[in-house]
Amino acid sequence: MLRVAVMVSGGGTNLQAIIDAVKDGTITNTELVAVISNNKGAYALERAKNAGIKDVVVSPKDYDTRDEFHKVLIDTIDKLDVDLIVLAGYLVVIPPELIDKYENRIINIHPSLIPSFCGTGFYGLKVHEAALARGVKVVGATVHFVDKGTDTGPIILQKAVSVEQGDTPEILQRRVMEQAEWKLLPEAINLIANDKVSVVDGKTIIR
């Protein structure tokens, strides 16, 4: 049984997709152990409570230094005894110590087809604003393992989504969520839970 912690900062729509997929059997062999947020007001914490999942807040605002925050965050995760950490709209930089400790056991969802519109500064609506400004015809989402770069870890799954005439960043964001993000993240977790993903020479192999 794969023990999973989901880390979130906001509303938690991707978290809800994961919760629903575990409930309906789309994700198998998986237990959602905890939802961790840096934001006390995140609606994702309510989603966790409603699903009977432990909700935890570890906020950098509660600590004098970033090092102190990192130590508490890592200790919190260690105590949960998790096999996989899922970043589902978590907007705090992950400490390198955590990445080392959980190598190829942290995954992230990014709302573009990496390597397009990714890296420092590309998150949330900013990704979709940049895609529309560039005039691309296809966007999408990517699930990848987290390494010490920004959106540079091994890619697990990608799904393309068409840009339509008259799209605004908000409309495009919603379409990418519905058609790609909410499908890809559960699929990736299920593959990992069933030992179907491995990393060789910096690339993923899916069996």
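In this predicted model, helix H5 passes helix H6 in a right-handed crossing. The contact between the two helices is formed by Leu125, His128, Glu129 and Leu132 on the H5 side, and by Pro169, Glu170, Leu172, Gln173 and Val176 on the H6 side. Sorted by class, this contact of H5 with H6 consists of five nonpolar, two polar and two charged residues.

**Geometry of the helix pair**

- Helix H5 covers residues 125-134 and helix H6 covers residues 169-193, and their axes come within 9 Å of each other while crossing at roughly 110°.
- Because angles from 65 to 115 degrees count as roughly perpendicular, H5 and H6 are therefore described as roughly perpendicular to each other.

- Strand E8, made of residues 197-200, pairs with strand E9, made of residues 203-206, in the antiparallel sense, and the pairing runs over four bridges.
- Valine 199 has threonine 204 in E9 as its bridge partner.
- Two residues lie between the strands of this hairpin, in which aspartate 201 takes a positive phi near 55°.

**The chain as a whole**

- The secondary structure of the protein chain amounts to six helices and nine strands.
- The C-alpha trace of the protein chain spans about 50 × 40 × 40 Å along its principal axes.
- A compact globule with 207 residues would have a radius of gyration near 17 Å, and the 16 Å of the protein chain agrees with this.

How values were computed: Residues are numbered from 1 along each chain as its sequence is written. This is a predicted model: local features need pLDDT of at least 70, side-chain atom pairs count only at pLDDT 80 or more; totals for chains, interfaces and linings use all residues. Side-chain values use heavy atoms; hydrogens and water are left out. Axes are lines fitted to C-alpha atoms, for helices over the stretch in contact, and angles run from 0 to 180 degrees between N-to-C directions. Angles under 35 degrees count as roughly parallel, over 145 as roughly antiparallel, 65 to 115 as roughly perpendicular and the rest as oblique. A crossing is left-handed if the near helix is turned anticlockwise from the far one by less than a right angle, and right-handed if clockwise. Contact means heavy atoms within 4.5 Å. Ala, Val, Leu, Ile, Met, Phe, Trp, Tyr, Cys and Pro count as nonpolar, Asp, Glu, Lys and Arg as charged, and the others, Gly among them, as polar. Two strands pair if DSSP finds at least two bridges between them. The radius of gyration is taken over C-alpha atoms; the globule rule is 2.2 Å times the number of residues to the power 0.38.
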